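Let's take a guided walk through a protein fold together. Keep the picture open while you read, and look for each part as it is named.

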Amino acid sequence: MDPTLTQQLSQLEAQLHLPEIRHQPERVSQLLHPAFEETGRSGQPYTRETVVEALRAESNAAEIVADGYAASVLAPGVALLTYRSAQCDAQGTRSKHTLRSSIWLLTDGRWQLRYHQGTPALDSW
């Protein structure tokens with residue numbers, strides 16, 4: 001595990017959890033690699049275009065809390081980021097506990113999210 005890489009990628013990933021970023025298609029498009037794909041916690045596959053539009057149109061989304069970030073280099077310019085997340089309502093109740101993994105590619109000197117997967121967690125926290 002690389003602490004500097006973990007910090008860098010977790011900060012980029014966390015931007016995608018923020019409503020003010022999620023509603024900015026240009027910023028989301030910068031973070032997502034042109035060939036981005038996702039397998040959601042439901043098992044549903046998503047394309048880059050689908051995700052950009054869904055985030056732009058999102059309203060009243062629950063707060064996303066995440067921790068346990070860990071990054072590792074898979075190959076030069078390729079990194080795996082894993083963490084856990086949950087949605088948190090206005091009362092502080094957490095739901096949709098999810099284990100997450102993301103593959104990031106270093107493209108033209110900046111990291112972009114190439115693939116993301118969410119898996120329902122067996123345990124909640």
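Glu 53 is partly exposed, with a relative accessible area of 40%. In this predicted model, the side chain of Glu 53 meets that of Arg 56 in a salt bridge, at 2.5 Å from N to O. Arg 56 is partly exposed too, at 39% relative accessibility. As a general rule, an α-helix has 3.6 residues a turn, so residues three or four places apart point the same way.

Side chains of opposite charge can pair when their charged atoms come close.

| Salt bridge | N to O distance |
|---|---|
| Glu 53 and Arg 56 | 2.5 Å |
| Arg 84 and Asp 67 | 2.5 Å |
| Arg 114 and Glu 37 | 3.2 Å |

Look now at the salt bridge of Arg 84 and Asp 67. Arg 84 sits in strand β4 (residues 78–88) and Asp 67 in strand β3 (residues 63–75), so the pair ties together parts that are 17 residues apart in sequence. Arg 84 is partly exposed, with a relative accessible area of 28%, and Asp 67 is partly exposed at 30%.

The salt bridge between Arg 114 and Glu 37 links distant parts of the chain, 77 residues apart: Arg 114 is in strand β6 (residues 110–120) and Glu 37 in strand β1 (residues 32–39). Both are partly exposed, with relative accessible areas of 23% for Arg 114 and 40% for Glu 37.

**The sheet**

In what order do the six strands of the open sheet stand? The order is β2-β1-β6-β5-β4-β3, and the pairing is mixed. At the edges are β2 (45–47) and β3; each has a single partner strand, so one side of each is left without a neighbour in the sheet. From one strand to the next, the twist averages 15°.

Strands of a sheet pair through backbone hydrogen bonds, either parallel or antiparallel. Here you can find both kinds. β1 and β6 run parallel and are joined by four bridges; Thr 39 stands opposite Gln 117 in β6. β5 and β6 run antiparallel, with 10 bridges between them, and Leu 99 has Thr 119 in β6 as its bridge partner. β4 also pairs with strand β5 (residues 94–107) in the antiparallel sense, over 10 bridges. Val 78 faces Leu 105 in β5.

The hairpin of β5 and β6 has two residues between the strands, and in this hairpin Asp 108 takes a positive phi near 50°. The C-alpha atom of Asp 108 is separated by 15 Å from that of Ala 35, and these residues are 73 apart along the chain. Ala 35 belongs to strand β1 and is partly exposed, at 34% relative accessibility.

**Helices and the core**

Which strands does helix α1 (residues 3–15) lie across? It lies across β3, β4, β5 and β6, running at about 135° to β3. Helix α4 lies across β1 and β2 and runs at about 85° to β1.

In α4, Arg 48, Val 51, Val 52 and Leu 55 are buried. They are on the same side of α4 because they cover an arc of only 100° around the axis. The buried residues of α4 pack against α2 (19–22), α3, β1 and β2.

In soluble globular proteins, nonpolar side chains tend to be buried together. The largest nonpolar core in this model has 20 residues, and those with the most contacts inside it are Leu 9, Leu 32, Leu 81, Trp 104 and Trp 111. Two or more residues of this core come from each of α1, α3 (25–31), β1, α4, β3, β4 and β6.

To finish, take a look at Leu 32. Leaving aside neighbours within four places in sequence, Leu 32 is in contact with Leu 16, Arg 48, Val 51, Val 52, Gln 112 and Leu 113. Among these contacts, Arg 48, Val 51 and Val 52 are buried residues of α4.

Methods. Residues are numbered from 1 along each chain as its sequence is written. This is a predicted model: local features need pLDDT of at least 70, side-chain atom pairs count only at pLDDT 80 or more; totals for chains, interfaces and linings use all residues. Side-chain values use heavy atoms; hydrogens and water are left out. A salt bridge is a side-chain nitrogen of Lys or Arg within 4 Å of a carboxyl oxygen of Asp or Glu. Buried means under 20% relative accessible area, exposed over 50%, partly exposed in between (1.4 Å probe, protein chains only). Two strands pair if DSSP finds at least two bridges between them. Axes are lines fitted to C-alpha atoms, for helices over the stretch in contact, and angles run from 0 to 180 degrees between N-to-C directions. Contact means heavy atoms within 4.5 Å. A nonpolar core is a set of buried Ala, Val, Leu, Ile, Met, Phe, Trp, Tyr and Cys residues joined through side-chain atoms within 4.5 Å. The arc is that of the directions from the helix axis to the C-beta atoms.
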